[in-house]
Amino acid sequence: MIKTLFAQLSLILFTTISFSQNLQSDYTESHYLEYFSLEPETIHTQLNKSKYLNSEELWFKSYIYNTKTQKPYLTTTNVYASIYNADGVLIEKKIYYTEHGMTHGNFSFKKNYLPGIYFLKVTTNWMRNFNEPHYSLIQFEIIDSQPKTTNSSNHTSEIKHDFQILPEGGHLVAGSSNSIGFKITDQNEDPLVIISGDVLDSKNNVVTTIKSNAFGIGKFDLNIKPDESYKIKATLKDSTIIEKSIPKANTTGITISTNNLNNETLFITLNTNKNTLPNLINSPYYLLIHRDGFMKRIDVSFSQDKYSYTIAVPKKNLYSGINIITLFNEKNQPVLERLLFKKTKKLISDISIAGTHTGVDSTIVTLKSNKKSGYQKGISISVLPTSTKAYNENHTIAASFYLKPYIKGTIHKPNYYFSSDDRRTNYDLDLLLLTQGWSSYDWKNIFFNPQIAKHNFEAGFQIRGEINAKNKENIKEVVLFSANNKLMLTSKLKNGQFNFDHLFLMDSSIVSISANTNRGKQISPGVYYNTYPTYIIDSINTKKLINKNIISRDLNSFNFIHGDFNLLDTVSISNNYTEKKERYMVNGGVNNRGINLESGYSFTTRVLDVIRNNGFDVIESGASVKILSRRASNLSGRLSPNVYVDGIIISDFLETIQYLTVSEIDELYIARTGFGMDGAGGSINIFTKNSIGLKNNRKSDFKNSKIKIGFSMPKKYYSPFYNKAQEETFSKIGVLHWLPNLKPNKREEFVFKIPNYYYESINLYIEGMNEDGSLISTVKTFQLN
């Protein structure tokens, strides 16, 4: 009988789904498809820690994800990272370049930051189109480094709690079976554990018993009698006894109860009562199982004298990740809603510690992932002592992408729910979702407030301008050059205006603009231009953000960090990988190489002497300077290289760099051979600090200016020089290492080293996103020998 019923229900389900997928004219379905026609970005940001001194820097890695496809959002380019104070006032904003759905960067606290609570928001322009934007917003704290005295009056012995009764689906109905969830937390939203409890009626009769899991969450079934009242009397882990009244049930309605523990089938049970059933017969109710624009429909038919209806849904027809079940009435109004989760092997990857080797000054750590060749763009790892108080374990990439876009509440230790696929873990995840109520998506918005693409994807920067010259008609095109940004572009004039799109521009870099006439002559015209996009001065609402006014006062961090810093190598030990920094070289040539100015040369060494030491003869006679190639010559003698300073050729005016020193140079690139007759002598590209090298140069055909807005370039991580005398403080807020972009070696191992301070046990907070969309979200702890 049971097998026959299951087969009939399954047949009905398949028929309904097949039909409803083609029923585009249906009111609810058509609005739903339209609402999710735009694919939103979801951003997760990992911080190296969440408590800082203002002598430190905040380091972060952001991941951009497409919840619909469950893969990296590859089209995202411009990402805004902004810091706000506790009142929501913007303090600082940067733009970072995103590639393959990832970016990383940092903020320094040395200026404009006082001790207190702050928020880092990472978002995009595209997100402004959505009613429920899934940007990243993280709270962090800057700790006052001055010694403090403890005020004992701040301590209270009373433990406040929040005990919530949360019916499955959102409703209690009298005269019907009800599945009821509950959740209890303290004033900081940390869970309190119920070790035992009773559900009592109005005469104090025990109707059923309860207890919570380790997260203060549980559920029970209750057949509510009309005109009866109920309460819960429970004992907490610390022996505190609490009571909570169960809200009065509705006289009419429908309840839902789900069983998601069967490996093959989800069972959905709808219950109603005698007062409601007559109004349900011949009414076209239906269930939608949906997520991010995907949906399947199950029609529900109510019949005479039947108050309970069970629908069996094969789990192969559920979506990977969150599934939202919504019941609609004959007026297309949502009646109740329930969130469920389907785990698949694709969602979570694992990573393990393959080995450690402790040396005198550092420890080499080797990690191994069970996924192959999918992390070529790197994972991020924060390395802290196991005793740390400076890392928020409730903010993880798995929670950000798999749970938070769909729920309104907070999640305590979300990594637990993805640590295993066993029955206990999955049951706890189901309890979590049961107590979340309705999803974060508002059906009023879906029906009446569609999402329209008013704000475009931003892909780099745009320069729009106008030529001010009187003879605009004689100008053929505008030339844009920037050695810093590897750019050499032209734009045709239209009514005296020019436009350059999709530019990669670094913040505070030099851009040069000239023009070519119809006769092929290069001139320096008057130019007016603007760079887009620009910063938007915005704010955030912090009223509902938790722990806004709580400042750490139990840490003695005075003189915890010395004035200088320790640069820490972030390149893998075993993969022989080094990241080559490249510049755009004018008339670049072959064998182009950067000169290491930090080793072998003092700050007072002249640039001409560096050039002489790297393959060229430099001849000086008073103010006259010549540079000759030792390799290239023609019938007239030895050739000279083309010499550029910040992208401007100065080969005929070498006296301008005669006394230029290494202290004034940012980078130097030399090619001893080149292409063609003009470049056969090689090329020398000098990049000065703040473009100072051109201050004595002749008037150029290029108009130079500094870009005020552009991509902030990620810095190499450095570890603060901690005061080793403050071992206790270090164990709570010190950071051992931060690796924002650790890449695998040829053996697909992640290898890195960390300094040996005074600790025996460390935590690796590891997050990553594979090319196939699977995530790494885990904490690994190991002991040092």
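Visitor: Okay, how many bridges join strand S26 to S46, and which way do they run?
Guide: Four bridges hold strand S26 (residues 379-385) to S46, and the two run antiparallel. Keep in mind as we go that this is a predicted model.

Visitor: Which residue stands opposite isoleucine 381?
Guide: That's leucine 739, which sits in S46.

Visitor: And how many of the residues in S46 are buried?
Guide: Five of its six. Strand S46 (residues 737-742) is mostly covered.

Visitor: Let me zoom out. How many helices and strands are there in the protein chain?
Guide: Nine helices and 49 strands. The chain has 785 residues, and buried ones make up 54% of them.

Visitor: What about contacts across the sequence, what share joins residues at least 24 apart?
Guide: It's 71%, taken among contacts between residues at least 6 apart in sequence.

Visitor: Now the greasy parts. How many residues does the largest nonpolar core have?
Guide: It has 38 residues. Those with the most contacts inside it are Ile322, Phe341, Phe401, Tyr402, Leu403, Tyr417 and Leu433.

Visitor: Which one gives the most?
Guide: H4, with five residues.

Visitor: Pick out phenylalanine 341 for me. What does it touch, not counting residues up to four places away in sequence?
Guide: Phenylalanine 341 touches Asn260, Gly321, Ile322, Leu347, Tyr402, Leu403, Phe418, Leu429 and Leu433. Of those, Ile322, Tyr402 and Leu433 are also named among the residues with the most contacts inside the core.

Visitor: How many residues are in the other core that lies apart from it?
Guide: That one has 24 residues, among them Tyr52, Leu58, Tyr73 and Tyr96.

Visitor: Back to H5. Which of its residues are buried?
Guide: Thr425, Asp428, Leu429, Asp430, Leu431, Leu432, Leu433 and Leu434.

Visitor: What covers them?
Guide: The cover includes strand S10 (161-167), strand S11 (176-186), strand S14 (217-224), S22 and S23.

Visitor: How far apart are the end C-alpha atoms of H5, and what should its 12 residues span?
Guide: The ends are 16 Å apart, and at 1.5 Å a residue the helix should span 16 Å, so the two agree.

Visitor: Which side chain does aspartate 430 make a polar contact with?
Guide: Arginine 338, at 2.9 Å. Setting aside neighbours within four places in sequence, aspartate 430 is in contact with Asn260, Arg338 and Leu340.

Visitor: Switching to a lysine. Where does lysine 237 lie?
Guide: You'll find lysine 237 in the loop between strand S15 (230-236) and strand S16 (241-246). At 65% relative accessibility, this lysine counts as exposed.

Visitor: What is lysine 237 in contact with, leaving aside its neighbours within four places in sequence?
Guide: Val193 and Ile195. Then there's serine 196: 41 residues from lysine 237 in sequence, with 8.8 Å between their C-alpha atoms.

Visitor: Sheets next. What order do the strands have in the open sheet with S17?
Guide: S17-S18-S21, three strands with antiparallel pairing. Strand S17 (254-259) and strand S21 (308-314) stand at the edges with a single partner strand each, so one side of each has no neighbour in the sheet. From one strand to the next, the twist averages 20 degrees.

Visitor: And which residue in S18 is the bridge partner of serine 257?
Guide: Threonine 269. Six bridges join S17 to strand S18 (residues 265-272).

Conventions. Residues numbered from 1 in each chain as written. Predicted model: local features only at pLDDT ≥ 70, side-chain atom pairs only at ≥ 80, totals over all residues. Heavy atoms only, no water. Buried < 20%, exposed > 50% of the residue type's maximum accessible area, 1.4 Å probe, protein only. Contact = heavy atoms within 4.5 Å. Polar contact = N/O pair within 3.5 Å; in protein donor to acceptor, adjacent residues only side chain to side chain. Core = buried A, V, L, I, M, F, W, Y, C linked by side-chain atoms within 4.5 Å. Expected span 1.5 Å × (residues − 1). Pairing = 2+ DSSP bridges. Axes fitted to C-alpha atoms, helices over the stretch in contact; angles between N-to-C directions.
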